[in-house]
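Biologist: Could you pick one part of this model and take me through it closely? I'd like the cut-off behind each term as you go.

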Amino acid sequence: MATFDALAELPIEIEGYELEDRDRTYGTFTRPSTIIHLRGGGQEGVGEDVVYDVLDHVAHRDAGPVHDLSAATTLGELCELVGGIDLFADAPPVREFSRHYRRWAYESAALDLALRQSELSLHAAVGIDPRPVNFVCSTRLSTFDDEESRSTTEPLRKRLAKYPTLRFKLDPTNDWTDELIQQLVETGAVDSLDLKGQYKGTPVDVETDPELYRGVAEAFPDAWLEDPDINAETRPVLEPHVERITWDAPLHSLADITSLERKPRAINSKPSRFGSLKELLSIYEHCEREGIAIYGGGQGEQGPGRGQIEYLASLFHPDTSNDVAPSGYNDPAVPDGLPVSPMDPMPSPTGFRWDE
């Protein structure tokens, strides 16, 4: 844990914090977000709570800044303090794993504050130079809340018309036809496929279909196959492609990685899924030792959280198919002037921030 130990000794002074609403509505779907502003010593540190349930955010904001974090004098102490606090004391979370997301919001804000108070950047503190970030745009074909777009490649082609080198991570759904799959193959722009087999009772659930698995695995022989539902019917279909299977949703700790049935060639690392800075850095070090590739993952961040995962990618896994595209790529308008992959490093002079 050399990397965490170096950061844990950073001094920190916390006088208080505030919560900021950063919700955004896309069609009929609202992506809630709350920005944590930690303040002390004339500086501010920011982090983003990416819990998916609106009610959790409302309860958090209504309760306000109720936790006293002033006892911590180092970043390590602050992380330990936050880990022992019930950050949902105002109301239990709708989903238990949301506790990890909120913990990351506070710890990432504390990392930013501690670095800024010491007038250090993250890359200087860990001794790693940031490098250009390779990224993909993660989407499903129904992104535009438009029935027609569910069965065409128009959402992809609209983006490719402006950004011809853009690559994609796609979510195959049960309405994908052989014709649609072939049209997607013809784009030549698909890097990975999120099968969503580990999601149950969520808006993004996909019914497990061995034929869908077979169709996309064979059509995209070089793409990662993320989060399949492995059962008696899908196992024979997936066995020829086992080296391309990666994991995301089931991973909340290093123990979850080491207990997988097979050591994966790659994993999707979402810092907010792991919750603590210490756990995240232990996973980076484990994967480096074991030769496991990492590609970063996003959580629909609406504020500084997006830049923070891009910053981490630039330090620890810049060359993989990182699902950390600038947020503008998921805007239905597809704005002009977005950074292209690989994206030049844009770290702030101090703190844990990415200047977009």
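**Hairpin, core and cavities**

Modeller: Let's start with strands E4 (residues 34-40) and E5 (residues 43-49), which pair in the antiparallel sense over seven bridges. Strands here are DSSP runs of E with at least two residues, helices are runs of H or I with at least four, and both are numbered from the N terminus; two strands count as paired if DSSP finds at least two bridges between them. Keep in mind that this is a predicted model, where local features need pLDDT of at least 70, side-chain atom pairs count only at pLDDT 80 or more, and totals for chains, interfaces and linings use all residues. Numbering runs from 1 along each chain as its sequence is written, and side-chain values use heavy atoms, with hydrogens and water left out.

Back to the hairpin: two residues sit between E4 and E5, and Gly 41 takes a positive phi near 60 degrees. Five of the seven residues in E5 are buried, so that strand is mostly covered (buried means under 20% relative accessible area, exposed over 50%, partly exposed in between, with a 1.4 Å probe and protein chains only). Across the bridges, Leu 38 has Gly 45 of E5 as its partner.

Leu 38 also turns up in the largest nonpolar core: among its 87 residues, Leu 7, Leu 38, Leu 75, Leu 122, Trp 176 and Leu 193 touch the most other members. Helix H4 (residues 98-117) gives the most to this core, with 10 residues. A nonpolar core, by the way, is a set of buried Ala, Val, Leu, Ile, Met, Phe, Trp, Tyr and Cys residues joined through side-chain atoms within 4.5 Å.

Now zoom in on Leu 7. Residues up to four places away in sequence aside, Leu 7 touches Leu 75, Leu 111, Leu 122, Ala 125, Val 126, Leu 277 and Leu 281, where contact means heavy atoms within 4.5 Å.

Several of those names come back around the second largest cavity, whose lining is Leu 7, Trp 104, Leu 111, Leu 122, Val 126, Leu 277, Leu 281, Leu 312, Phe 316 and Phe 352. H4, helix H5 (122-126), helix H12 (277-290) and H13 each give two or more residues to that lining. Its makeup is 10 nonpolar, no polar and no charged residues, and the space inside is about 40 Å³. A cavity is a set of points on a 1 Å grid over the protein atoms alone where a 1.4 Å probe fits but cannot get out, and lining residues have an atom within 4 Å of a point. Points are joined across faces, edges and corners, and the volume is the space filled by probe spheres set on them.

Around the largest cavity you'll find Glu 48, Val 50, Trp 104, Pro 271, Ser 272, Glu 301, Gly 305 and Ile 309. Helix H11 (271-274) and helix H13 (304-316) each supply at least two of its lining residues. Here the lining splits into four nonpolar, two polar and two charged; Ala, Val, Leu, Ile, Met, Phe, Trp, Tyr, Cys and Pro count as nonpolar, Asp, Glu, Lys and Arg as charged, and the others, Gly among them, as polar.

Definitions and conventions:
On a 1 Å grid over the protein atoms alone, a cavity is a set of points where a 1.4 Å probe fits but cannot get out, and a pocket is an open set with protein on both sides within 12 Å along at least five of seven lines; lining residues have an atom within 4 Å of a point.
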